[in-house]
Amino acid sequence: MVEKVYPMTQEGKEKLERELEELKTVKRGEIIERIKIARSFGDLSENSEYESAKDEQAFVEGRITTLENMIRFAQIIDNDNVAQDEVSIGKTVVFKELPDGEEEEYTIVGSAESDPFAGKISNDSPIAQALIGKKVNDEVNISTPGGDFLVKIVSVK
C-alpha cells in the first residue's frame with residue numbers, strides 16, 4: 001500500500017510537532033485524571049462525566065495517530081527551484097477577480113496546514129490547483145463548485 005504524502009512547509013511541520021507534543025504530554029494526562037475522578041463517582045453505566053472523558057480520550061488518541069502519520073510522511077516544500085514570480089506551495093499569492101473585483105491574498109499550503117480563515121488554502125483546493133504553476137500577470141480561469149471566475153495574478157511572495 002502506498003502511503004499518502006503530506007506536502008507542507010517547514011513551519012507547518014513544526015506546528016504539527018508542537019501540537020503532537022502538547023497532546024501527548026499534557027492533554028493525555030488531563031484526560032486520564034478526568035477518567036480517574038469520574039470512576040470514583042461509582043456506577044459507570046449512568047456516569048456522563050466518565051462517558052465524556054472517554055469520548056475525549058478517543059478523539060485525542062485519534063488526533064495523535066493522525067498527526068504522527070502526517071509528520072512521518074511529511075514532504076517539506078522547497079521553493080529554491082521555483083521562479084520568484086511563480087505560484088507554488090508555500091508562497092503567498094495576491095490576485096484580483098476580473099473585471100473589477102477586490103484583491104484577495106492567500107498562502108498556498110499542504111492540506112495538513114490549511115486554515116482558510118487565516119488565509120491559508122490547501123494545495124488540493126480548486127483555487128490553488130488553478131493557480132499553481134502560473135506567474136504574475138497571468139489571467140487564470142478558476143472553476144469552483146460555486147461557479148467559474150477569472151482572476152489576474154497581481155503578486156507572488
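Analyst: What follows is a set of questions about a predicted model, each settled by setting a value against a definition.

User: What makes this a structure with two domains?

Analyst: The domain assignment of the protein gives domain 1 as 4–74 and domain 2 as 84–154. The bounds come from an automatic or database assignment. The C-alpha centres of the two domains lie 33 Å apart.

User: How do you know which residues of domain 1 and domain 2 are in contact?

Analyst: Contact requires heavy atoms within 4.5 Å. By that rule, eight residues of domain 1 are in contact with eight residues of domain 2. In domain 1, the residues that lose the most area to domain 2 are P7, M8 and T9, which together account for 53% of what that side buries.

User: What is meant by the area buried between domain 1 and domain 2?

Analyst: It is the accessible area that the two parts lose on being put together, summed over both. Here it is about 620 Å², and carbon and sulfur atoms give 57% of it.

User: Why is the pair E11 and K120 called a salt bridge?

Analyst: The rule asks for a side-chain nitrogen of Lys or Arg within 4 Å of a carboxyl oxygen of Asp or Glu. For E11 and K120 the N to O distance is 3.8 Å. That value is within the cut-off, so the pair is called a salt bridge. Across the interface of domain 1 and domain 2 the rule finds one salt bridge. One residue pair in polar contact is also found across this interface.

User: Which elements of domain 1 give two or more residues to the side that touches domain 2?

Analyst: They are β1 (6–8) and α1 (10–39). The largest share, three residues, comes from α1.

User: What makes E19 and R63 a salt bridge?

Analyst: Their closest N and O atoms are 2.9 Å apart. The limit is 4 Å, so the pair meets the rule. E19 is in helix α1 and R63 in helix α2 (residues 48–72), and the two are 44 residues apart, so the pair links distant parts of the chain. The structure holds nine salt bridges.

User: Why are strands β6 and β7 said to pair?

Analyst: Pairing needs at least two bridges between the strands. Six bridges join β6 (residues 139–144) to β7 (residues 147–156), so the two count as paired. They run antiparallel. A hairpin joins β6 to β7 through two residues.

User: What other strand pairs with β7?

Analyst: Strand β3 (residues 92–97) pairs with β7 over five bridges, in the antiparallel sense. There, E97 has V151 as its bridge partner.

User: What marks out the peptide bond from L98 to P99?

Analyst: Its omega is near 10°, and the bond is cis. P99 lies in the loop between β3 and β4 (103–109).

User: What is noted about phi of N137?

Analyst: Phi of N137 is near 80°, a positive value in a residue other than glycine. N137 is found in the loop between α3 (126–131) and β6.

Conventions. Residues are numbered from 1 along each chain as its sequence is written. This is a predicted model: local features need pLDDT of at least 70, side-chain atom pairs count only at pLDDT 80 or more; totals for chains, interfaces and linings use all residues. Side-chain values use heavy atoms; hydrogens and water are left out. Buried area is the accessible area (1.4 Å probe) that two parts lose on being put together, summed over both. A polar contact is a pair of N or O atoms within 3.5 Å; within protein, one must be able to donate a hydrogen and the other to accept it, and residues adjacent in sequence count only if both atoms are side-chain atoms. Helices (H or I, at least four residues) and strands (E, at least two) are DSSP runs, numbered from the N terminus.
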